[in-house]
Amino acid sequence: MVLIYKCPTCGGVMTYNAQKQLLECSHCQTSMAADEYDISDLRAEENKTEEFNITSYRCPSCGAELITDDYTAATTCSYCGSPTIINDRLSEENAPDLIIPFKFNKAATLEKLKHWCRNGLFTPSDFLSQNSLKKLSGIYVPFWLYDFDTHCSMNAKCSKVRTYIQGDKEYTETSYYEVYRETVASYEKIPADASEKMEDNIMDALEPFYYLDLEDFDMAYFSGYSAEKYNFTAEDMIARVVPRAKGYAESITRNTMRDYDSINVTSADTDAKMTKATYAFLPVWRYAYRYKGIDYIFSMNGQTGKIIGKPPKSASKIFIVFLFLFLAVFWGGSLLALYLSWGGVF
Amino acid sequence: MKSFRITMSVIYGVLLLLTIPALIKLTSSPQEPVSSVRNNKNLIVTEQRVFDDADILSDSEEKALEKKAKELAKKRSLDIVLVTVNDENVNSPVDYTRNFYYTHDFGYEDSKGTGVLYMIDMYNRVPVASTFGKANQSMGNARDSILEASHDDLASGDYYDAFDVMLDETDKTLNPASALGKILIVLPVSLVGAGIILLMLLFKPNVNTDVNANTYLDADQYDLVEEKDNYINTIRTSRTISAGGSTGSSGRSGGGGSSSFGSSVGRKF
C-alpha cells in the first residue's frame, strides 16, 4: 500500500517538520505530534503492480510511477512532490522498533553545510555557493542496534617506575608485575547501518547518535523524507559489530591497569555475546554537490548536525597557508638565530 | 579557517613584538665612550689599555693598538685590553688574565664589567682570550675562532699583526649585522618546517574521537570480577649526575658571583 499523510482539516499534505518536531500541513499550518495523527485520515491506495518480478508503485496523488527499488520505504513523488510511504516495506515481520526523528530541516542543513565548508582551511571560497548540480536528501537509514554482554580476561606484564636522587646519583627503580584482570560488561545499542547504499565508514563516523531522542517507530516521521528498509538482516551485520564490542571490552579491561607506567598485554581472552538486536531508523542528511565536474558527497547526522565529507582543496589556498606558515617559521627562526648570536636581547 | 587565522595572528603579533628590540639593536648608534658611562668614575684606575709587559711591541705599535682598541671599545660597547707577558710564574694564563682584569678595575659600564682581554703569554707560548660580563655571552662562542685566526701571525712572530687580527675579529663578531648572515641557514630549515606543518594540516587523520569504549557501555552492568597483581622483581639502575657546567676543549669557563667570566686558551705557537 502507498500512503499519504493528509491533513484532517484541509485535505492537504502533511510532512514532518524537523525544527518544530511536529507533523505539519503545508497548506493550512495545522500541526500535531506524530502520535496524535488519526490513521483513518491517511490516504491509502494499493497502487501496486508486479511485472517480471519487479514491483512498482504509483503515486496516490497523481498516478505517476514512483521511483523505487526493492527497499524503498518512503520517497517523494518525482512528478507531483507528494511524500509517499510504502508500508509493505514496514510490514509486521520486519517492523521497525525505534526511530530518532530528524532535528534539522533542509534549510538548517544547508546553512550548517555552508558554514562547515567556510571553516575548511583549504576549501575553495566559491564551493557550495556556485550554482551547480546539487541534491539534498533527508534519509532515514535502517540500523541494527546491538546489545552485547562481554567477558574479558586479560594477562599483562606491567611496570612501575620510580626515580630518586641520592648523593650525586640518580636511581631508577623499575618494578615488574604480572597482572590479571577479568571484567564483565554490557553494551547497549552499538549501531551498524543495514543499508547497502550507505558507506559503513561514513555511517560509523557520523556517530554518536544520542539515544535519549529514540521514539517508538511511527511512519508519520517518514512523511517528507526518504527511507528504505534494511538490506541486511541483524545476522548479516553482526560480524561488523562483534569486533567493536570485543575492542570496547578489552579497552575497559586495560583501563583498570592505569596505575602502572607501562602495560604490555600478553594475552586477552574476550567473549562478546549478542543479546538483542533492535531495528531502528536514524536520520542522515546527504548532500551531493558537483564542483568543477566532480561530485562531492557530504553526510550529516540529522540529529546532532555532525558533518562528514571531503571538500576539495584549493591550490591557491594551500599556497597561501604555506606562505603564512613559512613566513612565521622563518621570521621566528631568524630572530632566534640573531638573539643567540648576540647572546641576549641587548 | 577561523582558528588558523587566530593562531596566525597571535604568532605574528608575538613575532612583531620580539622584532622591535632586534631592530633597535641593528639601527642603534655607537654607545657613549667608556669613561662617561662608568657608573663610578672614581674607580677608573687607568686609561691605559695596552700592557706590553713582555716587551714584544714597539712604541708606535703600542700607540696604534691603544688607539684602535679604544675606538673599537666605544663602537662595540665593551672594554678591550691587550696584554703581553713573559713570566715563569704564570702557571695559569687564564687566572692571570682574570686577576689582571679585576685588579685594574676594567669594564665598560662599571668596574669588573663588560669587556674582553687578549693576552699573548710568551713564557707558555699561548694566546688567551677572556671575556667578562655581557661579553661572555655575546663573544663566548667566538673566542676560540678569534685566537685561531691570529695563530699564523703569532707563529711567525708578528705580534702586532696578531693583536690587530684579534681586534678585527672582535669587531666582526660584535657587529649586529654580521648575525644576519645566519638567516641564510634558517631559510631551508623553515621551508622544510613549514612544509611538514602544511602536510599535517592537509592530511589530518580522520579519527572519530566522539565515540570510545564508554559510549555504549551500560555502567550499571560493568564489573571487575577479578584482579591479581603479582609482584615479580625490581631492577634498579643508576647514573651519576654531572655537577654544574662542562669544561671546554681549549680552556675553561665559569661564572661566579655577580660577574661572569669565560676564557679560552689558543694553540701553542
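Please look at A:Glu182, whose bridge partner in β5(B) is B:Glu226. Two strands are said to pair if DSSP finds at least two bridges between them.

Before going on, a word of caution: this is a predicted model, in which local features need pLDDT of at least 70 and side-chain atom pairs count only at pLDDT 80 or more, while totals for chains, interfaces and linings use all residues. Residues are numbered from 1 along each chain as its sequence is written, and chains are lettered from A and ligands numbered from 1 in the order in which they are written.

Coming back to the interface, 58 residues of chain A are in contact with 60 residues of chain B, where contact means that the C-beta atoms, placed from the backbone, lie within 7 Å. On the chain A side, the elements giving two or more residues are β12 (169-193), α2 (200-205), α3 (234-255) and α4 (315-342), and β12(A) gives the most, with 22 residues.

What about chain A as a whole? Chain A holds four helices and 17 strands, and its C-alpha atoms fill a box of roughly 90 × 55 × 40 Å along the principal axes. Of its 346 residues, 33% count as buried, meaning that 20 or more other C-beta atoms, placed from the backbone, lie within 10 Å of the residue's own, with exposed standing for 12 or fewer and partly exposed for anything in between.

There is also an open sheet in chain A, with three strands in the order β2-β3-β4 and antiparallel pairing. Because β2 (14-17) and β4 (31-32) of chain A stand at the edges with a single partner strand each, one side of each is left without a neighbour in the sheet. Strand β3 of chain A, residues 22-25, pairs with β4(A) over two bridges, and the partner of A:Glu24 in β4(A) is A:Ser31.

Finally, in chain B, is helix α1 covered or hardly covered? Among the 26 residues of α1(B), the count of buried residues is zero, and the helix is hardly covered.

How values were computed. Contact = placed C-beta atoms within 7 Å.
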